[in-house]
Amino acid sequence: MNNQQLLASYENKGNNDEIDLIGLLAVIWQRRWLVIGTIIAFLAVAILYLNVATYRHTAELTVMPSQASNAGGISAGGLAGLASLAGVNLSMDGSVTPFEQYLEGIKSGLVAETLSHKTDIMKVVFKEEWDEDKQRFVNKSGTISKTIRGIKQLLGIPVYPWREPDASRLQTYIEENVIITESAKSQFVTISFDHEDPQFARQFLSELHAALDEDLRQKALVRTTQYIAYLTEQLQKVTVAEHREALVQALSEQEKFRMMASSGLAYAADPFGNVTVSREPTSPRPIIVIILSILLGGIVGSLAAIAIAWLRENRQSGTPQP
């Protein structure tokens, strides 16, 4: 019995709309060399990819709210109400803690602006544009880049002129490569970053954290100093005892907060250990790539075998009988 007869015999036993699994397996087995060849082809492509791929390591830093961050209410929570009680207008938002500012600031322009002034970081991030001899960034667009730009212009896609790597470009890089994972059960947050150079991955994540924490610290110190000056000025004007007591309490809290922010300890986020870097590359994973290539090759080969059988069957059924 040939393959078409086997398919027909099984189709007659059941619903014609149902796929006959045994018949399909028979079709695939009949063209097993096509399936095996497809698997080998996909496997060869996977091996070639693994030989030319850039292996990347993952750096991770786990942080938690610092003591100053937990005391964020000192800086904002009760101050507005106390100042209002004293008859002055002090508009502040006490709903955002330093730790929340830290999480939002990781992918903001604030930390990107600070890191963009570090040449040792910028020349690695944008290594394709760094000229070691000239010690500066240059436009190295070659034939391929020009061809791509020409195709974009032909298709009406906007083409922007090259500009030297700056804070804006670094911010985009951070947005695309830094991952923030918040724990659902605790306040711990893991920040991860992948790079081909494990030492640079460690350095980049360490400096990103240090720069952001310090930027937030300095902003808080400036703001708190202004609050203290304002409250001190109001104390010289207010004569009502109840209002003066409220202002003195607010002033005391601001002084405590400034003292905490001025210490050498973490301001917004406290690292839970040092930055860790994976010993082995985390991407690509050779075993997974090989397994997926075999599975994908088997699926594509099987579909090709079924499609060929279907086309031949339709061609034969469409041939007029004598």
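Where does Gln135 lie? Gln135 sits in the loop between strand E2 (130–131) and strand E3 (136–137); helices (H or I, at least four residues) and strands (E, at least two) are DSSP runs, numbered from the N terminus. The model is predicted, so local features need pLDDT of at least 70 and side-chain atom pairs count only at pLDDT 80 or more, while totals for chains, interfaces and linings use all residues. Residues are numbered from 1 along each chain as its sequence is written, and side-chain values use heavy atoms, without hydrogens and water.

The phi of Gln135 is near 55 degrees, a positive value in a residue other than glycine. Most residues other than glycine have a negative phi, and most peptide bonds are trans. A cis peptide bond joins Ser283 and Pro284, with omega about -10 degrees. Pro284 is in the loop between strand E7 (276–277) and helix H14 (286–317).

Arg31 lies in the loop between helix H2 (21–30) and helix H3 (32–52). Arg31 counts as buried because its relative accessibility is 13% (buried means under 20% relative accessible area, exposed over 50%, partly exposed in between; 1.4 Å probe, protein chains only). Not counting residues up to four places away in sequence, Arg31 touches Ala305, Ile308, Ala309 and Arg312 (contact means heavy atoms within 4.5 Å).

Helix H12 (residues 198–235) packs against helix H13 (residues 241–262) at an angle of about 155 degrees, with axes 9 Å apart (axes are lines fitted to C-alpha atoms, for helices over the stretch in contact; angles run from 0 to 180 degrees between N-to-C directions). H12 is therefore roughly antiparallel to H13 (under 35 degrees counts as roughly parallel, over 145 as roughly antiparallel, 65 to 115 as roughly perpendicular, the rest as oblique).
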